[in-house]
Amino acid sequence: MDSDLLVIGGGITGMMAALHLAEAGARVRIVDAGENAGTWANAGSLHVQMQSRFMRLYPDQVPAVEASLPLYKAAAEEWVRLDALYGPFELVRKGGLMLAEGAEQLRFLEGKARREEARGLSVEMLDRAALDGIAPWLGPQILGAELCRDEGKLNPLMANARLLAELDRRGVARVQDRIIGLEQQTNGLVAVGRAAVYRADQIIIASAWGAGDIVRGLGVDIPTKAEPLHMNITEAAAVSIGHLIQHAERSITLKQLGQGQIVIGGGWPAQDRGRETPPAVLAGSFLGNVALAARLVPQIGGLRVIRTWAGMNTTADGASTIGRLPQASRVVMALPGDAGYTLGPLVAKMAAAVTLGAMPEADMVRYTPARFAA
Ligand SMILES: Cc1cc2nc3c(=O)[nH]c(=O)nc-3n(C[C@H](O)[C@H](O)[C@H](O)COP(=O)(O)OP(=O)(O)OC[C@H]3O[C@@H](n4cnc5c(N)ncnc54)[C@H](O)[C@@H]3O)c2cc1C
């Protein structure tokens with residue numbers, strides 16, 4: 001199958017890259033394995049401040065995330081633009097609260113806020129009295145919080161459905177297949193799939209946890225790893241929660257959708273069952289996650305959980321990977337860093353601009369795939 005541009009991976013990053021390329025007039029095809037996309041399992045938090053969970057689990061990757069903070073802020077703004085163009089996605093950008101239950105957690109947040117402010121984020125520390133004004137439903141033990149005004153939330157099911165419809169409207173071809181290797185030829189590239197062979201002038205790789213395997217044959221070692229994570233959603237709540245809620249030490253994200261349901265996640269583990277099968281829910285994650293949510297917001301403690309699921313996140317070195325491979329310049333990487341649903345559309349836009357020759361790679365040297373060769 002021939003196209004001008006082939007996008008491998010049909011999650012949020014691949015969809016948005018294809019949309020930009022099609023808008024520029026290119027003949028674009030997406031080939032996607034149809035397995036374990038984080039895009040169809042995620043919580044819809046628009047993350048901007050550094051997540052305490054990530055800082056605790058991956059301390060070695062914190063410098064890369066911290067240096068990328070302006071990208072997160074711009075990525076949340078890109079979602080606002082997309083919501084206006086293709087929405088509504090139930091996008092609300094009221095900010096995110098990271099809660100402290102003890103003095104040490106408050107000190108941690110104060111230090112984090114200073115670092116984030118230095119990178120241009122709109123953050124401030126709120127004491128309990130200030131919190132009572134905007135979030136009176138918080139548990140009595142909450143002492144204060146960091147508010148990051150750049151953060152927000154959306155309904156990913158709505159956003160994904162509307163963006164898919166836009167791809168169809170633009171005539172972007174979508175094929176289900178798993179790519180098992182890439183070959184460079186004199187006049188282009190060939191991606192070898194299980195079902196077919198795909199020829200294109202350039203290939204954009206937006207296949208998240210699957211990206212490392214695809215480029216290994218070209219002599220590139222991008223350490224993408226799959227990370228199975230847990231999610232819950234409750235029935236609709238009477239309480240009204242406008243902010244994205246996180247915790248200074250414990251793993252949690254909590255937010256309310258437009259219809260009132262509470263989406264609870266934040267990185268509790270699930271059981272890996274390989275790349276071709278979705279991860280399995282772990283009872284310990286289910287119970288621990290909802291118990292923590294009920295402690296932080298006691299009013300939701302009596303709600304029924306209506307669905308629980310697990311999905312596949314991707315980690316590498318913390319930062320996004322955007323740009324041409326030094327070993328194969330017709331291959332453009334489009335891999336968002338941590339909180340990839342937030343970053344996906346902006347990463348896709350930058351990768352599409354590189355592909356079209358509309359953005360100098362020097363402008364995104366922090367994200368270059370060349371860092372893995374080094
Ligand atoms: C439970 C959970 C909750 C999350 N919550 C949030 C959140 O609230 N906010 C946030 O910002 N992020 C969140 N994330 C992370 C986010 O979902 C992902 O980082 C993001 O969706 C990645 O998008 P992507 O398009 O780059 O990749 P994906 O959506 O993972 O899509 C990659 C696609 O590539 C395909 N693929 C892989 N290998 C191949 C191959 N060889 N050939 C063809 N296709 C291939 C896969 O089948 C998949 O469809 C969450 C993740 C999980 C799992």
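Helix α10 (340-355) is mostly covered, with 15 of its 16 residues buried. Buried means under 20% relative accessible area, exposed means over 50%, and partly exposed lies in between (1.4 Å probe, protein chains only). Helices are DSSP runs of H or I with at least four residues, strands are runs of E with at least two, and both are numbered from the N terminus.

This is a predicted model, in which local features need pLDDT of at least 70, side-chain atom pairs count only at pLDDT 80 or more, and totals for chains, interfaces and linings use all residues. Residues are numbered from 1 along each chain as its sequence is written, and side-chain values use heavy atoms, leaving out hydrogens and water.

**Helix α10**
- A kink of about 25° is centred on L346 in α10. The bend at a residue is the angle between axes fitted to the seven residues ending there and the seven starting there.
- G357 follows α10 and has a positive phi, near 75°.

**Around the ligand**
- The ligand has 37 residues around it, and T13, D32, E35, T39 and T342 come nearest. A residue is near a molecule if one of its heavy atoms lies within 4 Å of it.
- These shell residues divide into 17 nonpolar, 16 polar and four charged. Ala, Val, Leu, Ile, Met, Phe, Trp, Tyr, Cys and Pro count as nonpolar, Asp, Glu, Lys and Arg as charged, and the others, Gly among them, as polar.
- The ligand lies between domain 1 (2-40 + 158-224 + 317-373) and domain 2 (93-151 + 226-315), because both give residues to its shell. The domain bounds come from an automatic or database domain assignment.

**Ligand contacts**
- A backbone N or O atom of I12 is 3.0 Å from an oxygen atom of the ligand.
- A polar backbone atom of E35 is 2.5 Å from a ligand oxygen atom.
- A polar backbone atom of A43 is 3.1 Å from a ligand nitrogen atom.
- Taken alone, the ligand exposes 1,000 Å², and the protein buries 96% of that. Accessible areas come from the Shrake-Rupley method with a 1.4 Å probe.
- Elements giving two or more residues to the shell are α1 (12-23), β12 (225-236), β16 (305-315) and α10 (340-355).

**Two glutamates**
- E35 sits in the loop between β2 (28-32) and β3 (45-46). It counts as buried because its relative accessibility is 17%.
- E23 belongs to helix α1. With a relative accessible area of 35%, E23 is partly exposed.
- The C-alpha atoms of E23 and R330 are separated by 20 Å, and these residues are 307 apart along the chain.

How values were computed:
Polar contact = N/O pair within 3.5 Å; in protein donor to acceptor, adjacent residues only side chain to side chain.
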